[in-house]
Amino acid sequence: MSRPPAAAGSGARRARCPRCGSPVLRQLVGRRAALDVTADVGELTAAAAEALRHPNRLHWCLRQTRDGPDMRWADCRRRPGPCPHPHVIDHECTGPPPAPARPASRGRARSTPVSDGQLTL
Ligand SMILES: [Zn+2]
């Protein structure tokens, strides 16, 4: 059984990386195209996070809200002056590569619920 993904905007939750076991923050960040973010829990200054950033590793502006921590796009990078909020950066996993997916059982004919005489277009 798998838990349904958290709805966007529900704030960050603490979790553990399934691969290396590091504590991480997970959240769907963004309103329209939500990104499933897994970030290290270690809080950095915006400048330190920026120094670690590269195109495949974003950092996030961590706000404390009434409902707990909430990761936001680091739009503050574009604003003048240092961001007063702590930042967290994408988790870069040092754990073993994920176990290979179970070999797909190909060739298994999918039975369609459409009866033979019925044509669906
Ligand atoms: Zn990891």
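D40, R57 and E92 are linked in a network of salt bridges. The model is predicted, and a search of the whole of it finds seven salt bridges. It also holds a zinc ion, coordinated by C17, C20, H91 and C93.

**The R57–E92 pair**

- Within the network of D40, R57 and E92, the side chains of R57 and E92 meet in a salt bridge with an N to O distance of 3.7 Å.
- R57 has 11% relative accessibility and counts as buried, because the cut-off for buried is under 20%.
- E92, at 42% relative accessibility, counts as partly exposed.

**Salt bridge between R72 and D70**

- R72 forms a salt bridge with D70, and their closest N and O atoms are 2.6 Å apart.
- The arginine of this pair, R72, is partly exposed at 32% relative accessibility.
- D70 has a relative accessibility of 11% and therefore counts as buried.

**Salt bridge between R78 and D75**

- D75 is the salt-bridge partner of R78, with 3.5 Å between the closest N and O atoms.
- R78 has a relative accessible area of 65% and is exposed, since exposed residues are those over 50%.
- D75 has 35% relative accessibility, so this residue counts as partly exposed.

**The zinc site**

- The donor atoms of the zinc ion are SG of C17, SG of C20, NE2 of H91 and SG of C93, at 2.0 to 2.4 Å.
- These four donor atoms subtend angles of 101 to 124° around the zinc ion, which makes the arrangement tetrahedral; the term requires all angles to lie between 85 and 135 degrees.
- Along the sequence, the donor residues follow the spacing C-x2-C-x70-H-x1-C.
- C17 is buried, with a relative accessible area of 8%.
- C20, another of the zinc donors, is partly exposed with a relative accessible area of 26%.

How values were computed:
Residues are numbered from 1 along each chain as its sequence is written. This is a predicted model: local features need pLDDT of at least 70, side-chain atom pairs count only at pLDDT 80 or more; totals for chains, interfaces and linings use all residues. Side-chain values use heavy atoms; hydrogens and water are left out. A salt bridge is a side-chain nitrogen of Lys or Arg within 4 Å of a carboxyl oxygen of Asp or Glu. Buried means under 20% relative accessible area, exposed over 50%, partly exposed in between (1.4 Å probe, protein chains only). Donors are N, O and S atoms within 2.8 Å of the metal (3.2 Å for Na, K and Ca); water is not among the atoms, so sites may look incomplete. Four donors count as tetrahedral if all angles lie between 85 and 135 degrees; four count as square planar and six as octahedral if opposite donors are over 155 degrees apart and all others between 65 and 115; anything else is irregular.
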